[in-house]
Amino acid sequence: MIFYRVEADVVENEELKKAFDSVEARREIGKEIGRKTEEFNSDSNSFICVTYYSERRLELTLIIKKHMDINKLIEDYLKVVKIDIKPFTSCEIGLEQIGKSLFTAERKDYIYDCCDTLDKFGLGDVCSPHGISGSFGEVVIAGTNSKEKIYEDASNSFSRLTLVPELDRIYSKKGNKEIIAHPVHYFFNTDNEEIRKKWNRILVEALYQNNRVQTKRYSHAYVDGTPFTISIRDCKQMYEANVGGTVIIRIECSDADDDLVRGELDFIYEICRIIQEYKNKVLTVLTFTKGSAKTKDMIKENLINMSFVEIEEDLSNAAQAKEYLKIKTRDHKIGWDKNLFNKIEEDQSYYSHELNTIFDDWYTSKIKTSVFPQYKDIETVKKENFENKNKGNAYQELEEMIGLQSAKRVIKKALDYHKAKKIFGEKGLNGESLSMHMIFTGNPGTAKTSVARLVARIFRDNKLLSRGHIVEVGRGDLVGKFVGWTAPTIQKKFSEAKGGVLFIDEAYSLVDDRDGCFGDEAINTIVQEMENHRSDVLVIFAGYPDKMQKFLDKNPGLRSRIAFHVPFEDYSAEELCDIAKLMADHRGMKLSDGACEKMTEIFEIAREQKDFGNGRFARNILDSAQMTQATRLINMDYDEVNKSDIQTLSAEDIEMPAMLSKVEKVSIGFTS
C-alpha cells in the first residue's frame with residue numbers, strides 16, 4: 001500500500017478568484033468536490049481526494065493498494081472535480097500523514113468521513129486523525145540515491161562481505177522486473193543501531209529501484225521477550241498496512257530456550273505465523289543482536305519454506321580501520337593526522353561503533369587544538385583519571401541487576417586483578433597472567449546465562465577480550481556422533497569464540513556419568529584448547545551446583561584451569577518481588593501493596609520447593625496475574641474501568657500456583 005501527497009499550482013482565473021472571496025462559496029465548492037470525490041472513488045484499489053484547495057494552490061492525498069498509473073488517476077480525478085492545475089509534484093507520505101490529511105479533508109467537506117475511508121483500506125485500527133495508533137513506527141525514505149551512491153554507502157557500512165553481494169543480486173538483470181515478489185527475506189546481525197538504520201535504507205531503496213517493493217516506506221517494530229512492545233493485533237495490522245512494502249522487526253529475546261516462558265514462545269510463534277501469511281506480499285527483515293544464534297534458529301524453524309539472506313557486520317582489521325577513519329575525516333572536511341590512529345592496534349579487529357568512538361575522541365581534540373587553538377589550554381576531562389573504574393554499559397547493567405551479590409563480587413575481583421596488572425605493571429606488579437576461565441553454579445532461573453552475556457561485553461569494554469561476543473553450546477554442539485568427530489568439532493567452536501566467550505551450559509552432560517565415551521574425548525580436547533586459547537577465549541562452564549562439583553571431581557586437569565568460581569544463589573522472596581516489580585514496570589504495569597505482600601508470601605513458599613525457577617517463576621506469577629486481571633476487568637462495568645485499574649495488579653489477581661508445595665530446600669554452592 002502506497003500513500004502520496006500531490007502538490008500543484010492552480011491555473012488562476014477571475015471566476016475562481018471571486019468564488020474564494022466568499023465563505024459560503026468556498027463551503028459550497030468543498031461540498032461539491034466531496035460529492036464528486038465520493039462518486040469517483042468506487043475502485044477499492046485506490047482513493048484520491050482534495051485536502052487543500054485555494055485559488056492558487058491544490059493539495060491531493062492518494063492511497064494506492066495495487067500498482068497503477070497515478071498520473072492517469074490524478075488526471076481523471078481532476079477532470080471530474082473540474083480543477084485545472086499546472087505541472088504537479090508528488091512524494092510518498094506515511095500513515096501518520098494519511099490520517100491527518102484525511103481528517104483535514106473531512107473538515108473541509110472534501111470527503112464525507114475520514115474513518116470510513118481508513119476502514120475501507122484496513123487502516124482504521126492503526127491510523128487515526130492524530131497519527132499512528134499501533135505500537136510500531138515507520139520511515140519514509142526521502143529523496144533518491146543513485147545506484148553508485150547506494151553501493152558506496154554499503155561499502156562504507158561495514159558490510160562489504162554480505163550486503164554488497166546482495167546488492168549485486170538485486171541489481172542483476174536476471175528475473176522479471178514486472179513481477180513484484182520476494183524470493184528471499186533478510187536477517188540483519190549487528191549491535192550497532194546506526195549501522196542497522198543504514199542497512200534498512202540501503203536495502204529498501206535498492207529493492208524499490210528494482211521493483212522488488214512498491215514503496216520506500218517501511219514500518220518497524222521491536223520485540224523483546226518481556227515486555228512485548230508490539231501486540232499480535234498491531235503486528236497483523238502493520239503487515240496489512242505494508243502490503244507491497246517492507247516490515248522490519250528487531251528481535252531481542254533471550255537466546256536460551258528455557259529462558260522463554262510459554263507465553264513468550266507462543267507470542268514468537270504467532271509473529272512467525274503472520275510473517276508466513278504475508279511472505280509473498282510483504283518483505284520481512286528480522287534484525288538480531290550478536291550472540292543470538294539460538295533465538296534466530298528457533299525463529300527459522302517456524303519460518304519453513306522461506307529463504308533468508310543474512311547481512312552481517314564486518315570486523316575491520318587495522319588497515320581497514322584506518323581507511324574508515326580517513327573517510328570519516330573527509331566527511332567532516334577536516335585533515336587527519338597520525339594521532340587519529342594512536343588507538344588502532346595491528347593485531348586487533350574493530351566494529352564500526354568502536355571506530356566511531358575513536359574518531360569522535362580525536363575529532364573533539366582536533367577541533368579544540370587545531371581549528372580553534374585559542375581553547376587548547378582549557379583542561380579536558382581525561383578518561384585516564386577514571387582508569388581504575390570498570391567501564392561500559394554492560395558493567396552498569398550487571399550492577400543494576402537485582403541480587404547476585406556473590407556473582408558481582410567475583411566478577412569485580414576478576415576485573416580488578418587484570419586491571420591491576422595493567423595499571424601497576426610499571427611498579428613491579430608483573431608475574432604470569434591468570435587464565436580467565438570461570439564456572440557458574442546455580443539453580444535454574446538465577447540469571448547464569450544473562451550474566452555470561454554481560455561478562456563477554458564487560459571484558460571487551462575493559463579490553464580483556466578483543467571481540468566480546470558469546471558462543472553458547474551444550475553437549476550436542478560438542479560431542480560428535482562418530483569416532484574422530486568430537487575433537488575437530490570442539491576446535492571449531494573455540495575458533496568461533498576467539499576474542500570472546502565460550503559458554504558451555506550443563507557442562508556435566510558431557511560425561512553423563514559414563515567413562516571412556518566420546519564425552520571423555522570432549523573434556524580432554526576442551527582442556528587442551530583452554531590452554532591453547534588461555535589469552536583469547538574465556539570459557540564459562542555452567543550448571544547445577546552439586547552436579548558441577550561431581551563434574552570437577554572427575555576432571556582435576558579441568559579444575560586447575562578454572563580461575564574463578566561464581567556462585568548464583570537463589571533469590572530471596574524480597575528480591576523475587578523486586579524482580580516482579582521491575583518486569584511489571586517494563587510492561588507498563590504496577591503492583592499494589594497488597595499484590596506485593598501476596599507475591600512475597602508465594603515466593604517464601606516457592607523457595608522451599610526444589611528447582612522452583614527463581615526469576616522465571618516470578619515471571620510466570622506475573623503472567624498469570626495479568627491473565628487473572630483481564631478476567632476481572634472483563635466482568636466489570638466498562639464505564640467504571642479507568643486507566644489506573646488497567647495498569648494496576650491487585651492482590652486478588654495474584655494466585656497461588658496449584659502445584660506449589662513445601663519441600664525440603666536443596667543447599668546451594670559447593671559441598672565442603
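Which residues have the most contacts inside the largest nonpolar core? In this predicted model, they are Tyr 53, Leu 60, Leu 62, Tyr 239, Ile 249 and Leu 286, and the core has 66 residues. A nonpolar core here is a set of buried Ala, Val, Leu, Ile, Met, Phe, Trp, Tyr and Cys residues joined through side-chain atoms within 4.5 Å. Buried means under 20% relative accessible area, exposed means over 50%, and partly exposed covers what is in between (1.4 Å probe, protein chains only). Leu 286 makes a handy example: leaving aside its neighbours within four places in sequence, it is in contact (heavy atoms within 4.5 Å) with Tyr 186, Phe 187, Phe 188, Ile 249, Ile 251, Ile 275, Ile 299, Leu 303 and Phe 308. Apart from this core lies another one of 54 residues, with Leu 576, Ala 580, Ala 595 and Phe 603 among them. In soluble globular proteins, nonpolar side chains tend to be buried together.

A word on the bookkeeping: the model is predicted, so local features need pLDDT of at least 70 and side-chain atom pairs count only at pLDDT 80 or more, while totals for chains, interfaces and linings use all residues. Residues are numbered from 1 along each chain as its sequence is written, and side-chain values use heavy atoms, with hydrogens and water left out.

Now for the chain as a whole. There are 25 helices and 19 strands in it; helices (H or I, at least four residues) and strands (E, at least two) are DSSP runs, numbered from the N terminus. Of the 672 residues, 49% are buried. The chain exposes about 33,300 Å², and carbon and sulfur atoms supply 49% of that area, as computed by the Shrake-Rupley method with a 1.4 Å probe. Among contacts between residues at least 6 apart in sequence, 77% join residues at least 24 apart.

Next comes an open sheet. Four strands line up in the order β2-β3-β1-β4, with antiparallel pairing; two strands pair if DSSP finds at least two bridges between them. At the edges stand β2 (46-53) and β4 (89-92), each with a single partner strand, so one side of each has no neighbour in the sheet. On average, neighbouring strands of this sheet are turned by 20° against each other, direction ignored. Strand β1 (residues 2-9) and β4 pair in the antiparallel sense over four bridges, and Arg 5 stands opposite Cys 91 in β4. Helix α4 (residues 95-107) packs on the sheet, touching β1, β2 and β3 (57-64), and its direction makes about 65° with that of β2. Axes are lines fitted to C-alpha atoms, for helices over the stretch in contact, and angles run from 0 to 180 degrees between N-to-C directions.

Strand β13 (residues 438-442) and β17 pair in the parallel sense over five bridges, and the bridge partner of Met 438 in β17 is Phe 564.

What about helices? In α14 (residues 393-400), Ala 394, Tyr 395 and Leu 398 are buried. Seen down the axis of α14, these buried residues fall within an arc of 100°, so they line one face of the helix; the arc is that of the directions from the helix axis to the C-beta atoms. The face turned away from the buried side carries the exposed residues Asn 393 and Glu 400. In helix α5 (residues 114-120) sits Cys 114, which counts as buried at 2% relative accessibility. Ile 646, in helix α25 (residues 643-647), is partly exposed, with a relative accessible area of 44%. Not counting residues up to four places away in sequence, Ile 646 touches Met 589, Gln 629, Leu 633 and Val 641.

Finally, two loop residues have a positive phi without being glycine. Asn 305 has a phi of about 65° and sits in the loop between α11 (293-301) and β12 (308-312), where it counts as exposed at 70% relative accessibility. Glu 506 has a phi near 45°; Glu 506 is in the loop between β15 (500-505) and α19 (518-532), and is partly exposed, with a relative accessible area of 41%.
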